[in-house]
Amino acid sequence: MADQASINVIPNNAFAVTVRNVRHYTDRLFAFTCERPPSFRFRSGEFVMIGLLGGERPLMRAYSIASPAWDEELAFYSIKVADGPLTSRLQHIQAGDQILIGRKPTGTLVLDALKPGRRLFLLSTGTGIAPFASLIRDPDTYERFSEVVLTHTCRTAAELAYGEEIIAAAKSDPLVGEAASAQLRHITSLTREPHRLEGRITDLIESGALFDALNGERLDPAGDRIMICGSSAMLADLKALALARHFAEGAVSDPGDFVIERAFVDK
Ligand code: A2P
């Protein structure tokens, strides 16, 4: 009984917060929002540990925060994995349920990890778009970069819906709507269904198809900065591609031309 009770105690390093809204996009993807503890501070683009009470043991996984640093609620975007230790349970949460949020958000997909530049590329696949949902609603993003290009590559069209919604939300946002409408470009590509632009983001950069779609110049470390978020294979391939083009990797302690990260959710 003692063991059973202990697992329902909120760990010292976490807040218990109430889920407000849950939205399912496909059988593999869902998004949810929860209340924000008044003392919880983070930078747009960071991730935090998320967990549930009541399992066999407290289990926390890293999730990118998909809402901006100024918002009064926290948003997340997740895959569902049937046998995933956390997402097999997390996918069933409903409004009013309690979840755990770690007290120490962190991460490198933050504006302070990049040197000043003109164009900002936010390159994402799948749920890797989540930190960019935060950054495209942060006014600092538009103050620091005159052009912001968010690319989202998925397998199928149904998986693009969340990205389309967050772009529309940014463009109609009272705080950043005007800047987002003028400065934000959204480029989508699919790899397993027909689409205007087809293929992996790595191939679209190599072939130049991405820049043709933008009617813009190819990547140049003189004025371009890049943030990358997706699967570990995608991160590795895009990192190699950036390094080959003489982009230097950045960190908050040493800002550079590009940064990579991923939320370590169940794979
Ligand atoms: P593909 O369909 O060719 O595997 P997932 O849902 O598996 O995370 O994939 C999301 C998207 O990321 C898919 O369109 C997938 O393309 C693409 N992708 C997978 N691996 C890589 C990689 N190494 N580099 C770039 N894109 C990738």
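How many Å separate the centres of domain 1 and domain 2, taken over C-alpha atoms? The separation is 25 Å. The model is predicted, and its secondary structure consists of nine helices and eleven strands.

**Overall dimensions**
- The C-alpha trace of the protein spans about 65 × 40 × 35 Å along its principal axes.
- The radius of gyration is 18 Å, which agrees with the value near 18 Å that a compact globule of 267 residues would have.
- Of the contacts in the protein with a separation of 6 or more, 73% are between residues 24 or more positions apart.

**Surface, burial and charge**
- Buried residues account for 53% of the 267 residues in the protein.
- The protein has an accessible surface of about 12,200 Å², and carbon and sulfur atoms contribute 49% of that area.

**Domains**
- The domain assignment places residues 4-102 in domain 1 and residues 111-260 in domain 2.
- Contact between the domains involves 19 residues of domain 1 and 21 residues of domain 2.

**Ser 134**
- Ser 134 is part of helix H3, which covers residues 130-135.
- The relative accessibility of Ser 134 is 0%, so this residue counts as buried.
- Leaving aside residues up to four places away in sequence, Ser 134 touches Ser 44, Gly 45, Ile 65, Ala 66, Ser 67 and Pro 68.
- Phe 47 is 87 residues from Ser 134 along the chain, and the C-alpha atoms of the two are separated by 10 Å.

**Phe 15**
- Phe 15 sits in strand E1, residues 14-26.
- Because its relative accessible area is 13%, under the 20% cut-off, Phe 15 is classed as buried.
- With residues up to four places away in sequence not counted, the residues that Phe 15 touches include Ile 10, Pro 37, Ser 39 and Phe 40.
- Phe 15 also touches a run of residues made up of Ile 99, Leu 100, Ile 101, Gly 102 and Arg 103.
- Between Phe 15 and Thr 127 there are 24 Å from C-alpha to C-alpha, at 112 residues apart along the chain.

**Positive phi angles**
- Most residues other than glycine have a negative phi.
- Asn 215 is not a glycine, yet its phi is positive, near 60 degrees.
- The loop that holds Asn 215 runs between helix H8 (209-214) and strand E10 (224-229).
- Asn 215 has a relative accessible area of 76%, which is over 50%, so this residue is exposed.
- His 246 likewise has a positive phi, about 70 degrees, and is not a glycine.
- His 246 is located in the loop between helix H9 (232-244) and strand E11 (258-261).
- The relative accessibility of His 246 is 67%, and therefore His 246 counts as exposed.

Methods. Residues numbered from 1 in each chain as written. Predicted model: local features only at pLDDT ≥ 70, side-chain atom pairs only at ≥ 80, totals over all residues. Heavy atoms only, no water. Helix = DSSP H or I, 4+ residues; strand = E, 2+ residues; numbered from the N terminus. Rg over C-alpha atoms; globule rule 2.2 N^0.38 Å. Buried < 20%, exposed > 50% of the residue type's maximum accessible area, 1.4 Å probe, protein only. Contact = heavy atoms within 4.5 Å. Areas by Shrake-Rupley, 256 points an atom, 1.4 Å probe, with all protein chains shown as cover. Domains from an automatic or database assignment.
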